[in-house]
Amino acid sequence: MKIQILVLAMICTLAVQVDAQSIRRAKTQDIALFPQQNEFRNVQNISGIWKFQKDSLAVGETENWQNGLAKSCDIAVPGSWNEQFTDSRDYLGLAWYEKEVFIPGSWKGQKIYIRVGSANYAAKVFVNGKPVGQHEGGHLPFAFNISPDINWNGLNRISIQIENILKPSRVPTGGLVAGGFFQSLPSANFDFFPYAGLNRDVWLYTLTPNANIQDVTLNTGFENTTGSVHVKVNVDGKASGGKVKISGNNQEFETEFVLKNGLAELDVKIPKVRLWSTEDPFLYKVKVSILNSKKVVDAYQLETGVRTFTATDKQLLLNGKPIFLKGFGKHEDFPIFGKGTALPVMIKDYSLLKWVGANSYRTSHYPYDEEYMNMADRNGILIIDEIPAVGLYFQGDQEELKARQVMCKQYVHELIARDKNHPSVVMWNVANEPTPPNISMSSLSSTNIKKADPQSVALFKELFDLVKELDPVRLRTLVGVMGGPVEWLALGDVVCINRYWGWYTNPGDIKTGAKMLSAELDDLYGKLKKPILITEFGADTYPGMHADQPEMFTEEYQRDFIKAYLDVADSKDFVAGMHVWAFADFKTGQGVIRFGGMNFKGVFTRDRKPKMAAHYLRKRWTGLED
Ligand code: GCB
């Protein structure tokens, strides 16, 4: 025990030393455009098998591990480190990744960047032993220009130091001194396993040297049968202008633009537009190219769906028509991969979403891999895109609170920079279940909700305002916990709540749970007059457990619980969507409320087999029998 405390103290001291060094931090603008291979740009995916070495005594940097790992083993990238070995499940301290890569001579003269899809939680990147940058926060990419550090005469050593210690100052929050039923190992303040490491791909890519397209922002609309795409182009370097070509549906439109201080904005009209919708997720191609001295010097191609997504006081409207959101809260989670990108699982999940009749999901509780977003665009699935602000609280150390707010703002910047052009993304969510002080199971009644303290309202308002500034068009929300204050919910354009009447309260009593839900919904709508989504409701269900009279943890109870909630929702015209918690069973820490370190509220098992509830939902949402 004493040794553990000593090691932890050393890790913390070193973490502070590392942060104190003046290594540049990642810039948000560098992740705006996903690396692309075309006639001006190159990409090399350097994922695969890397070298890996734990640094539990935090000596790596002083011992120059960035110059080569002496006692490494193999590790797969992408993939969390926790389940790839037999001794690292709960290890969250420092660890190093290393890979030697060859950079082709044809890349000489270009700007060369490294992009890391996600390193959970804090990362420092070295190229040939030299530090090139650092980033905090898992689940979002970061990139650094590494051109000056390239060795053109042989291999290049890429070293990435990662650390995932759970701390109260971090987002999501962890390392709190907890007690009672909610205590878990690792001590996360959130209900999913804090999988660490290089969870997504790593790429090297080039940008054109004198001028490159740095960002493109697309916003779409339509009037009658004419669509419009508002295009904003940001250029880094010397370019005079360029053109935007939009093509699709046997049409092609080209518009030229002039750059002023590296910026141009223009509108492209599309007569007889084919709108993007859940039934017909049609995507137009948008190609931007820029010129210098009449010569094209860079180009970038995106896809866009022309659509609008708005809210009335009761409904959500896709292209002006009411749409009811049917779907789930999900996780990136799979055995052995952990939070590592698992493409076959992604494909399977989209086919199951279609099979069950869902039209939407929430990226609970953090942004997902870019491929999830691309697939949502192509499959007509609507996304509530969430920053990793889960389990925020407002009492206690003010410095920690400030640090968390800084992180939340960074996440908002990075998420919108990365995902702003996806037609599938219809709403930004700034937090899941922030916790008011003194919340307890016995206070979870709609009638005794306490008023929020003004400081917490101000902090959320700051996040909502920032979202509006960065994306004036999309809807904004915050997902509220049972017993949470109404003032937080009031800040959003849409009210999202997670509810477990008949599970965490009134256990075993679905009927009373449904009544309480119904009463609370009426009360909330009366106060807020905005559409309400129930973004979580569900029951842990051990697959294969049955009962003639529905009983908690059986498949019958889960099915009946979900049915009761859906029936309540159907009786209220201001409920605009129902997301079952959860899509699939997922790994959590160990604790008495998580049998086998698992949350079993999935309607699919962790390996994606349907439980009874999944068959029930399919029938209810599609009308189809199996
Ligand atoms: C919640 C949380 C989610 C948990 C879920 C549960 O409200 O948002 O992260 O997994 O409850 O199952 O308790």
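Contact here means heavy atoms within 4.5 Å. The model is predicted, so local features need pLDDT of at least 70 and side-chain atom pairs count only at pLDDT 80 or more, while totals for chains, interfaces and linings use all residues. Residues are numbered from 1 along each chain as its sequence is written, and side-chain values use heavy atoms, with hydrogens and water left out.

**View 1. Gln 66 and the residues it touches.** Gln 66 sits in the loop between β2 (48-54) and β3 (73-77); helices (H or I, at least four residues) and strands (E, at least two) are DSSP runs, numbered from the N terminus. With 8% relative accessibility, Gln 66 counts as buried. The cut-offs are under 20% relative accessible area for buried, over 50% for exposed and partly exposed in between, using a 1.4 Å probe and protein chains only. Set aside neighbours within four places in sequence, and Gln 66 is in contact with Gly 60, Glu 61, Trp 96, Phe 126, Gly 129, Arg 157 and Ser 159.

**View 2. Lys 269 in strand β17.** The strand covers residues 263-270. Again leaving out neighbours within four places in sequence, Lys 269 is in contact with Thr 226, Gly 227, Ser 228 and Phe 253. For a sense of scale, pick out Ile 112: Lys 269 and Ile 112 are 157 residues apart in sequence and 36 Å apart in space, C-alpha to C-alpha.

View 3. A salt bridge is a side-chain nitrogen of Lys or Arg within 4 Å of a carboxyl oxygen of Asp or Glu. Glu 399 is exposed, at 53% relative accessible area.

**View 4. Glu 520 and Arg 499, a buried pair.** Their side chains meet in a salt bridge of 2.7 Å, N to O. Glu 520 lies in helix α7 (residues 510-528) and Arg 499 in the loop between β28 (495-498) and α7, so the pair ties together parts that are 21 residues apart in sequence.

**View 5. Lys 611 and Asp 585, both buried.** Here the salt bridge has its closest N and O atoms 2.8 Å apart. Lys 611 is in the loop between β32 (598-599) and α9 (612-622), and Asp 585 is in the loop between β30 (575-581) and β31 (586-587), so parts that are 26 residues apart in sequence are tied together by this pair.

**View 6. A network of salt bridges.** Linked up in this one are Arg 115, Glu 370, Arg 418 and Asp 419. A search of the whole structure turns up 41 salt bridges.

**View 7. Zooming back out to the protein chain.** The chain has nine helices and 32 strands. Its radius of gyration is 25 Å, close to the 25 Å that the globule rule gives for 626 residues, so the chain is as compact as a globular protein of that length. That radius is taken over C-alpha atoms, and the rule is 2.2 Å times the number of residues to the power 0.38. Along its principal axes the C-alpha trace spans about 70 × 70 × 50 Å. Of the 626 residues, 59% count as buried. Among contacts with a separation of 6 or more, 72% come from residues 24 or more positions apart.
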